[in-house]
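Me: Could you walk me through this structure, one question at a time? I'd like the cut-offs spelled out as we go.

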Amino acid sequence: MDCRGARRRHTLPRMILAVLLTAGASGQTQPAKPAQKQATPWWQHAIVYEIYPRSFQDTKGDGVGDIPGIIQRLGYLQQLGVNAIWLTPIYPSPLKDFGYDISNYEAIDPMYGTMADFDHLLAAARAHHIRVMMDMVLNHTSDQSAWFKESRSSRNNPKRAWYIWRDGKGPGIPPNNWESAFGGSAWTYDPTTKQWYYHAFLAAQPDLNWRNPEVQKAMFDACRFWLNKGVAGFRLDAVPNLFEDPKLRDEQVLPGKNAYGDPNLNPDRTEDLPEVHDVMRSLRKLVDSYQGDRVLIGETYLPNIKDQLAWYGGARHDELQLPMDMQVGMINKLDASLFREKIGQAETQLDGLMPLFVFDNHDNPRSWNRYGDGVHDQAIARIIATILLTTRSADLMYYGEEIGMTTTPPASLSQVRDPAAIRGWPAYKGRDGERTPMQWSSGRDAGFSTAATTWLPIPTSYKQVNVAVESAQPDSLLNWYKHLISMRSQIPALARGANIMVDRSDPNVLSYLRQVPGQTSAVLVAMNFTDQPHTVSYDLRDKGIKAATAHALLKDQGVSETVNLHHLTLPPFAVFIGEIQ
Ligand code: NOJ
């Protein structure tokens, strides 16, 4: 890679030059400037960095990350340049699904710290110009929540109708064929009241009954609790699951079996029912009633761009500001045509709304493993970073993505912590592999902890793949990320320009322009998706561009500083990002 300040500073436009000249020998960029009052809300084109708190930084020495650990690393996050952090659940929880089973929505699990620690985090993050977003699990609670304990206590309990209770079809036979996302029936029999309750996930995660207005009130109160504290918004867990078919009709059985050995089902009676949009609209009204552009991110794995648009509120745009776009991030192969198609759709078919791109998160193998070929993994990781950070999008990053952390699945069932893997092993190795501790240094426990044993093992890669080592390497993946993030905050075309595909058919090279409408300058992004060199030629006259050359802003080794737009040669897996004046 050639993002090395020393070698390219003299060719850089002044704006970028300023960024790089203030970088230390380690290549670290300066802290982001304080947020300025802008006409557009902060989350447009924002980078939201997902923290899995158990794995970020342990300050107590118990092998589990905590809130003071996050506070300790805010300086790093500010230097990286992210705008917000999203914390996966830190509420009290029996941890059957590592926090996605919440027993109290208005408290902090002592394992992570105290409410005072959380308040301190909010203040410290603000001082670092970083917003804090919470994970809000609306679909289900823990079976240990006071609400469910009451609900299961008797058929007449006032909270009975807060959950979904039904008679079975006969002794030992659940009400229908619906399946849990973690394997087996989605119904569990409760002998106390001799009925079954529904759970889209674990039996320890009973689904709330969103047809009951009391449920909506209770959950919205929980949201208010955190909004009043000053959180910037929520990532809404599993929102497409909120409603189920009230008639409990069986789902259609499809060919084949899933990873748990259960029949494949068409989930149309348990996912994405139209009623969910009324709730989203009300929730949007709630967050909009607060100052400061609070934002709703949806955990929306949607099959197409049309369904995605519905989660923005269709033509009214009155639901989520940022439903997750998994169309791009889950292509799962380095296919230039598919990336062109999906990025193009997000640009042209979302009513101009902002897509939220994401490659890595705590539920899927890391992009390093999904896209790497085992030989050119570093270069491919730079391509993925470039797509994420140079397209017109808001983005989710996941801790460790910026240093190239890899998926490290458990070696044997005895090491597995993820409940999904305990059930799916060995066909499904679960999600522990992408949740291993953050690799900060080559020291003990990778600088994550001082414990003899950490909650998940530290991957052996930590000696080379860590923040300290990569900060000192000008051509590291970490510095590639930092340069990209700096550039997108400093260059108007990257910050707010349209995303224009400049080649409709090249199967090897993905190229696009970022251009502020009406301007004759632009930023060109070109990426060779193959292990062979390729030469491309652009005719950009219809984009109002007369220049014949582009000057590198950031590029891999082997690409010229100044390239001829009619003859740009890219070595294997090389990236060129250049300014056309
Ligand atoms: C989605 C979360 O991301 C995942 O980790 C969790 O297991 C399920 N929802 C259930 O809450």
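Me: How far is the backbone oxygen of Arg435 from a polar atom of the side chain of Ser55?
Reply: This is a predicted model, where local features need pLDDT of at least 70, side-chain atom pairs count only at pLDDT 80 or more, and totals for chains, interfaces and linings use all residues. Residues are numbered from 1 along each chain as its sequence is written, and side-chain values use heavy atoms, leaving out hydrogens and water. A polar contact here is a pair of N or O atoms within 3.5 Å; within protein, one must be able to donate a hydrogen and the other to accept it, and residues adjacent in sequence count only if both atoms are side-chain atoms. For Ser55 and the backbone oxygen of Arg435, the distance is 2.5 Å.

Me: Is Ser55 buried or exposed?
Reply: Ser55 sits in the loop between strand 1 (47-51) and helix 3 (67-72); helices (H or I, at least four residues) and strands (E, at least two) are DSSP runs, numbered from the N terminus. The scale is relative accessible area: buried means under 20%, exposed over 50%, partly exposed in between (1.4 Å probe, protein chains only). Ser55 comes out at 0%, so Ser55 is buried.

Me: Which residues does Thr436 touch, not counting those up to four places away in sequence?
Reply: Thr436 is in the loop between helix 14 and helix 15, and its relative accessible area of 2% makes it buried. Contact means heavy atoms within 4.5 Å. With that cut-off, Thr436 touches Ser55, Tyr399, Met405, Thr408, Leu456, Pro457 and Pro459.

Me: Which peptide bond into Pro426 is cis, and what is its omega?
Reply: Most peptide bonds are trans. Pro426 belongs to the loop between helix 14 (419-424) and helix 15 (467-471). The cis bond runs from Trp425 to Pro426, with omega near -5°.

Me: What relative accessible area does Ala446 have?
Reply: Most residues other than glycine have a negative phi. Ala446 has a positive phi of about 60° though it is not a glycine, and Ala446 lies in the loop between helix 14 and helix 15. Ala446 is buried, with a relative accessible area of 0%.

Me: And what is the relative accessible area of His129?
Reply: His129 is another non-glycine residue with positive phi, near 60°. His129 is in the loop between helix 5 (115-127) and strand 3 (131-137). His129 is partly exposed, at 29%.

Me: What separation do the C-alpha atoms of Arg541 and Gly63 have?
Reply: Arg541 is in the loop between strand 17 (534-536) and strand 18 (549-555), exposed at 63% relative accessible area. The side chain of Arg541 has a polar contact with that of Asp539, at 2.6 Å. Arg541 and Gly63 are 478 residues apart along the chain, and their C-alpha atoms are separated by 58 Å.

Me: What is the radius of gyration of the chain?
Reply: The chain has 17 helices and 21 strands. The globule rule, 2.2 Å times the number of residues to the power 0.38, goes with a radius taken over C-alpha atoms. For 581 residues that rule gives 25 Å, and the chain is close to it, so the chain is as compact as a globular protein of that length, with a radius of gyration of 24 Å.

Me: What share of the residues counts as buried?
Reply: Along its principal axes the C-alpha trace spans about 75 × 50 × 45 Å. Of the 581 residues, the buried share is 59%.
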